[in-house]
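Thanks for coming. I will go through one structure today, part by part, and keep to what can be read from the model.

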There are 2 protein chains.
Amino acid sequence: MQWESIPTKSGQEKVVADKINAGITAPKGFKAAGIHCGIKKSRKDLALIVSEYPATAAAVFTLNKVQAAPVLVCKKHLSESSFFKAIIVNSGNANACTGEQGYVDAFTMAAETASVLGAETEQIFVSSTGVIGETLPMEKIVNGIHKVVQHVDEGEYQSAAEAIMTTDTFSKSYDVTFSINGFEVNIGGIAKGSGMIHPNMATMLGFVTTDAAIEKNVFQKMLKDTVDKTFNRITVDGDTSTNDMVIALANGASGVSVEPNTSAYEVFEEQLYSILKKLAIDIVKDGEGATKLIEITVEGAQTDDDAVKAARTVSLSPLVKTAIHGEDANWGRLLAAVGYSGIEFDPDKFEIEINGTPILKQNYQVTLPIAEANKTLKPKEIKIVLKLNSGSGSATYWTCDFSEEYVKINGSYRT
Amino acid sequence: MQWESIPTKSGQEKVVADKINAGITAPKGFKAAGIHCGIKKSRKDLALIVSEYPATAAAVFTLNKVQAAPVLVCKKHLSESSFFKAIIVNSGNANACTGEQGYVDAFTMAAETASVLGAETEQIFVSSTGVIGETLPMEKIVNGIHKVVQHVDEGEYQSAAEAIMTTDTFSKSYDVTFSINGFEVNIGGIAKGSGMIHPNMATMLGFVTTDAAIEKNVFQKMLKDTVDKTFNRITVDGDTSTNDMVIALANGASGVSVEPNTSAYEVFEEQLYSILKKLAIDIVKDGEGATKLIEITVEGAQTDDDAVKAARTVSLSPLVKTAIHGEDANWGRLLAAVGYSGIEFDPDKFEIEINGTPILKQNYQVTLPIAEANKTLKPKEIKIVLKLNSGSGSATYWTCDFSEEYVKINGSYRT
């Protein structure tokens, strides 16, 4: 993967993915647009993604007990319809903790979108992100829906990616073209999110399009499995915001169908994984105040589940994240974090590699003077491999370092 | 409780408890001392606490899978002896991740202390805190043991409290005198610890003395119960450092015995709770970069266990802690944190009080303009009550706010 450096608001350098981008309209039969409808002061705040053809859908939603109105409406529609037409998304207001009125408003967004597109209300997904506890400015949104419909186009993938942003410092958009049985298939995706310590507490949204044909239940299983290995690897199961969702639409416009237990399924799932992984890593990179992308791989755990637990605990440890920010190769913090992750392992066998350089070998053998070890943390991308030498379980998480900037941003979100 | 403000290293104000202090030597028959033996550059780094009379003991240890050598030695001695003589503690080096040599060194510390006090090795507890992964400078420590023994005195409680400090910005020491059946009983305690997000990842040590007589198993149960409601309410079960321990000695010098299922037991337990709670709150106040003490009480949960889960999740939320630091009464973050704590509750019934002022009533009714609500977060002590209105379960946690200072301190711990 190629990275480039862009300046952040505070003037610090920040790593950002080099994007390929035809984005969410790369798959045949999809159009999109993003406009400013007036929820935010001047930035884009309303996005529409439309499929020309009836699309099957798959979706995963927040596990938070507090679920925003659009989440409830999407779940209802997902269960009621077999095919779907569009996703309408606003940013700047989450329509969360808004009671009965919030539910009515989310329903109205779907109904209005359905009406202008000539579809059924149940064929529309609704998504919101932004401030919690305030009702939506519905007049602006309804006017916006009538306006955004006029802008939807195959060339408008970028404006849609921008219109779903909140505290994001860059838009996240990828697509991939590949071949199944000699036919061209496309997947596109956009996402928003920039939370840091618990990345998905700041709402994370992901929208995926494909021109393959996939049966709803098959698609649902594949999306869930893939999200578990990507978006859920930058986060903690259960630690979700009120609005998180990932929605995927498959309209069959490529003429290619993906059936379970076929090589087509494997190929498609691998490409879906690559798109979701890139979007997930972009969310980590956009971590509030983040200056380094950190990949934590745990190898040699007794089971994959143990590896997931250990990698997750390490990637959430503020002491690890601040040490890496300070370029301090503090192996004791890495070991202690695995130690309290709740898994069984033998600390005497613990080994650490940072960006390919062994830092610690078994029996606490430090391989480098500390000044040399610290140099392995200089780059903007840090790959840490923790070898437990206790089995064959492995897992990878992505996180970012923890800077003074994070505290500043989150202490004054609304001011 | 009375608080005073002292300047921190960075010049920010910081709340600190007003101490009563005769500390750990308030109970009859206890002496102590703290000296500089040469592990640290110039600050005190070796403490000794001695009982004139044979003392029973109770102890709780870290749940981390990586356990430092002194933890292993203490566990062994606790199981092997009925009565105990002393606790020897060094700071500046944790003797953790030091393999076989570490175990030998911890044993030598106990044996040397036993030798100069005329006791058995198994009657000595050993404790260490500081840098991980380096072996102890044993010559300095052995010389120090011979020296500190000459300083032990009833008046040296404060030097002992200071000698166990690492990143602590103030020493933590309390005592209480009370009456059981007309006789005077004393409890004293000292502690060290100043971690913040996961407070006990930075090692937490606590040492308690009393002149009551309490049978070992009875004392063990009481200490465990009390730690669960104090030190474990500023932390996460299982998220412990390699060296955490709380050790309590009871030497019977008051002539008063504490038997289970008596009013004496209740009185004693309540006083033990008060001491441990004060020490625990001091550790929170000394949180790295902390500027506010935050008490999180959850009321009206379905069970006490649910209340503990919710209070713990809220008190660990970086988004909550940064909002309070920024004096932003962001009720959405409080509600979202309860929402992902894993408990069952009805978000519509959620209510918030900050320092006695209602901020949010049921059905998301905001009671104050945001500027007014933010004012409730001005004080240095913040008491937040979260009312779930779903049952009678309740629990209290203590935490602190999350400042830029924290990141600075933890990014350069060793530099």
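**Chain A, then a look at chain B**

In chain A, residues 24 or more positions apart account for 78% of the contacts with a separation of 6 or more. Please keep in mind throughout that this is a predicted model. Chain A has 415 residues, and buried residues make up 63% of them. Its secondary structure comes to 11 helices and 16 strands.

In general, nonpolar side chains in soluble globular proteins tend to be buried together. Here the largest nonpolar core holds 258 residues, and those that touch the most other members are Ala32(A), Leu48(A), Ile49(A), Ala32(B), Leu48(B) and Ile49(B). The element that gives the most to this core is strand S4 of chain A, residues 46–61, with 10 residues. Take Leu48(A) as an example. Setting aside neighbours within four places in sequence, Leu48(A) is in contact with Ala32(A), Ala33(A), Ala86(A), Ile88(A), Val148(A), Val149(A) and Val152(A).

What does S4(A) pair with? Six bridges join S4(A) to S10(A), and the two run antiparallel. Within that pairing, Ala59(A) has Ile247(A) in S10(A) as its bridge partner. S10(A) also pairs with strand S9 of chain A, residues 205–210, this time in the parallel sense and again over six bridges. On that side, the bridge partner of Phe207(A) is Ile247(A).

Ile214(A) sits in the loop between S9 and helix H5, residues 216–229, of chain A. Ile214(A) counts as buried because it has 28 C-beta neighbours inside 10 Å. Apart from residues up to four places away in sequence, Ile214(A) touches Thr56(A), Phe219(A), Ala250(A) and Val258(A). With Val258(A) the separation is 44 residues in sequence, while the C-alpha atoms are 5.3 Å apart in space.

Next, a pair of helices. Helix H2, residues 99–117, and helix H3, residues 138–151, both of chain A, pack at an angle of about 25°, with their axes 10 Å apart. H2(A) and H3(A) are therefore roughly parallel to each other, and H2(A) passes H3(A) in a right-handed crossing. Which residues meet there? From H2(A) come Asp105(A), Thr108(A), Met109(A), Glu112(A), Thr113(A), Val116(A) and Leu117(A), and from H3(A) come Met138(A), Ile141(A), Val142(A), Ile145(A), His146(A) and Val149(A). Val149(A) is also one of the contacts of Leu48(A).

Now the other sheet I want to show. Six strands of chain A form an open sheet in the order S14-S13-S12-S15-S11-S16, with mixed pairing. Strands S14 (365–366) and S16 (393–400) of chain A stand at the edges with a single partner strand each, so one side of each has no neighbour in the sheet. Strand S11, residues 293–301, and S16(A) pair in the antiparallel sense over seven bridges. One pair to look for is Val298(A) with its bridge partner Ala395(A).

Helix H9 of chain A, residues 331–339, packs against part of this sheet. Its buried residues pack against strands S12, S13 and S15, and also against helices H7 (304–316) and H8 (318–325), of chain A. H9(A) is mostly covered, with nine of its nine residues buried. Among them are Trp331(A), Arg333(A) and Leu335(A).

Finally, chain B. There too, six strands form an open sheet of mixed pairing, in the order S14-S13-S12-S15-S11-S16. Seven bridges join S11(B), residues 293–301, to S15(B), residues 381–387, and these strands run parallel. Ile294(B) stands opposite Ile382(B) in S15(B).

Two loop residues of chain B close the tour. Asn355(B) lies between S12 and S13 of chain B, and its phi is near 45°, a positive value in a residue other than glycine. Asn355(B) is partly exposed, with 16 other C-beta atoms within 10 Å. Tyr364(B) lies in the loop between S13 and S14 of chain B, and its phi, near 60°, is also positive in a residue other than glycine. Tyr364(B), however, is buried, with 22 other C-beta atoms within 10 Å.

Methods
Residues numbered from 1 in each chain as written. Chains lettered and ligands numbered in written order. Predicted model: local features only at pLDDT ≥ 70, side-chain atom pairs only at ≥ 80, totals over all residues. Buried ≥ 20, exposed ≤ 12 C-beta atoms within 10 Å, placed from the backbone. Helix = DSSP H or I, 4+ residues; strand = E, 2+ residues; numbered from the N terminus. Contact = placed C-beta atoms within 7 Å. Pairing = 2+ DSSP bridges. Core = buried A, V, L, I, M, F, W, Y, C linked by C-beta atoms within 7 Å. Axes fitted to C-alpha atoms, helices over the stretch in contact; angles between N-to-C directions. Parallel < 35°, antiparallel > 145°, perpendicular 65-115°, else oblique. Left-handed = near helix turned anticlockwise from the far one by under 90°.
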